[in-house]
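Please read it with the sequence and the coordinates at hand.

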Amino acid sequence: MGLRAKLLLLFFTCFGLMAFAAITLLFRSLHGSFADIERNNALEQMNQLVRNVESELEHLNQITVDWANWDTMYEFARTGDLAGAESDLGHGAINSAALSMMTVFDRGGRQLVVVAVDGNGQPAADFRAYAPLFTTLPRQFARRGTPHGCGLTRAAQQILMVCWQPIHRADRGGESSGVVVLSRTLDATILGRIRQQSDLSFTVSTLPPGLSLAGSGTTASSRIGPRNVRFLNEPAGVIEALLLDLDASPVAQVQLQFPREVTRQGEEVTWQVIRTLLMVALLNGVALLVGVHVLMVRRLRKLGQGLQAIGASHQWSDRLALPRGQDELAALGRDINVLLGVIEEQVSELEVLSMTDPLTQLANRRAFDSRVNLELRRHARLGTPLCLLSLDVDFFKQYNDHYGHPAGDLVLQSLARTLRSAVHRPADLVIRMGGEEFALLLPDTDTEGACRIAEQIHRQLRIESLPHAYSAAASHVTVSIGIAAARRDTIASLTQRADEAVYTAKRNGRNQTCVAPLPEPASETAPD
């Protein structure tokens with residue numbers, strides 16, 4: 001891919017990222033703001049719905065206050081005698097007040113009477129559905145300090161609005177003789193009235209008993225809710241909340257639909273802004289591409305062509321023709337020419353370094369291969385002796401494992417100095433073959449001379465006595481040496497015989513020298 005194509009890809013990638021960032025920002029700001037407005041409106045509608053329910057509770061509370069400040073009710077709660085008050089406190093009175101249940105407790109908390117009607121206004125004979133309420137109310141009396149209040153509760157599969165007040169005479173004189181409790185079912189009639197008053201679309205469903213609030217949720221300043229408000233991901237827009245009973249446990253679930261018109265309008269505005277940004281980005285991209293081609297690509301191409309010519313010819317002494325001007329590209333051309341001068345110097349240095357081991361500064365395997373080839377040809381041509389000493393540090397892995405690799409490097413460097421001191425002729429070559437393996441290439445040296453050099457190496461290592469507590473051969477660093485004298489050898493065969501001699505020295509206990517046997521001479525046919 002050419003530079004122009006890469007720049008084109010870069011520009012469109014950058015503008016694509018800009019567009020993505022703009023879209024993300026717009027959706028998080030504008031779209032998010034519109035969604036927040038809708039959510040706030042929906043939450044306010046939910047609070048309005050709860051206020052309407054509380055208004056129904058307040059209406060029931062007014063009825064409860066009237067019944068609680070009634071001489072007939074006072075006498076009944078004081079004496080417990082329903083005679084003479086049965087018509088005033090019977091099912092007819094419950095139906096006329098649109099109530100579902102009435103009960104009275106005396107001052108000691110004893111329940112005196114329960115009057116209830118079913119959904120058809122007929123007397124209810126079974127009060128088991130109200131049993132949880134009769135258990136909850138005494139706790140409410142004790143908790144609040146004064147026996148009055150209102151709230152929601154459940155009875156069977158229905159939601160009840162409940163209010164209770166202390167019973168007094170009509171003139172409010174004297175002490176209370178008990179508590180009266182009135183209940184009204186939150187039925188379809190009341191919910192329909194709330195829908196008509198608030199113009200809201202909602203549903204209310206009873207929750208099973210025993211549920212607890214999972215987290216704090218969104219809470220309004222209300223005695224019944226809403227709590228744990230959440231918004232459902234539906235196109236129509238639905239907010240869901242829980243209403244609480246007298247024990248602050250969820251008693252009903254409310255789902256309220258709210259319009260999404262604000263969000264739809266926000267999306268239209270957002271996409272219109274996005275289209276405008278994309279058009280501006282595209283026009284800027286085209287203008288930038290033209291300018292980059294004229295000011296950069298064309299001039300860089302000339303620099304590249306000059307570099308290609310120098311690289312193809314390997315004439316590192318050549319220099320580039322500098323671009324016109326005093327900008328960054330002209331400075332780049334000058335820097336490249338300086339770099340070419342550095343390359344010219346380093347190429348010659350690398351030719352030397354490529355033949356040298358960086359750790360020990362000895363010749364490396366590449367230098368050995370080049371040199372041994374020349375010496376073997378000279379040996380074959382002139383018949384001069386040639387010996388190869390192969391050395392391996394004994395138990396070097398254990399040394400590294402216990403003393404550490406930096407200490408092992410110091411041992412290798414010390415051994416390199418020892419090997420250099422063991423040879424004195426310029427023709428002798430000391431090599432690091434790799435790892436802990438070393439070699440000495442000794443032209444014009446027979447086996448006896450090679451053995452003397454090997455013994456000198458062993459002696460010098462004993463003098464230096466580098467500690468090696470994990471060696472089975474000695475208490476100091478030692479080497480195993482193999483000697484191979486050349487006889488019609490190739491590089492591979494000479495190296496192999498020297499290595500085999502090293503292996504023999506290792507098998508015999510290490511810290512010694514072993515001489516490889518000479519190869520058998522080739523058989524010759526006797527003349528007739």
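**Interior, pocket and loops of a predicted model**

In the largest nonpolar core, which has 47 residues, the members that touch the most others are Trp67, Met102 and Val104. Helix α1, spanning residues 3-68, gives the most to this core, contributing 10 residues. The model is predicted, and the chain averages a pLDDT of 82, with 90% of the residues scoring at least 70.

**Nonpolar cores**

- Once neighbours within four places in sequence are set aside, Met102 is in contact with Trp67, Leu89, Ile94, Val113, Val114, Val115, Val180, Val181 and Leu182.

**The largest pocket**

- The largest pocket holds about 420 Å³ of space, and of the 20 residues that line this pocket, Ser100, Val117, Asp118, Gly119 and Thr185 are the closest to its centre.
- Strand β5 (178-185) and helix α5 (188-198) each supply at least two residues of the lining, and α5 gives the most to the lining, with 3 residues.
- By residue class, the lining of the largest pocket divides into 9 nonpolar, 7 polar and 4 charged residues.

- Leu461 has its place in helix α11, residues 447-464, and counts as buried because its relative accessibility is 5%, under the 20% cut-off.
- Beyond its neighbours within four places in sequence, Leu461 is in contact with Leu415, Thr418, Leu466, His476, Val477, Thr478 and Val479; the C-alpha atoms of Leu461 and Val479, which are 18 residues apart along the chain, are separated by 8.5 Å.
- Ser465 is placed in the loop between α11 and β13 (479-485), where this residue has a positive phi of about 50° although it is not a glycine; its relative accessibility of 35% makes it partly exposed.
- His468 also lies in the loop between α11 and β13, yet is buried, with a relative accessible area of 1%.
- Not counting residues up to four places away in sequence, His468 touches Asp394, Phe395, Gln398, Tyr399, Tyr403, Ala474, Ser475, His476 and Val477.

- Asp199, located in the loop between α5 and β6 (201-206), has a phi near 55°, which is a positive value in a residue other than glycine.
- With a relative accessibility of 70%, Asp199 counts as exposed, since that value is over the 50% cut-off.

**Confidence along the chain**

- Among the elements of the chain, confidence is lowest in helix α4 (residues 131-144), at a mean of 71, whereas strand β10 (residues 386-393) has the highest, at 96.
- Over residues 215-221 the pLDDT is below 50, and in the model this stretch has 14 contacts beyond near neighbours in sequence.
- Over residues 523-528 the pLDDT stays under 50 as well, and for these residues the model has 0 contacts beyond four places in sequence.

How values were computed:
Residues numbered from 1 in each chain as written. Predicted model: local features only at pLDDT ≥ 70, side-chain atom pairs only at ≥ 80, totals over all residues. Heavy atoms only, no water. 1 Å grid on protein atoms, 1.4 Å probe; cavity = no way out; pocket = protein on both sides within 12 Å on 5 of 7 lines; lining within 4 Å. Points joined across faces, edges and corners; volume = space filled by probe spheres on them. Helix = DSSP H or I, 4+ residues; strand = E, 2+ residues; numbered from the N terminus. Nonpolar A, V, L, I, M, F, W, Y, C, P; charged D, E, K, R; others polar. Core = buried A, V, L, I, M, F, W, Y, C linked by side-chain atoms within 4.5 Å. Buried < 20%, exposed > 50% of the residue type's maximum accessible area, 1.4 Å probe, protein only. Contact = heavy atoms within 4.5 Å. pLDDT = per-residue confidence, 0-100.
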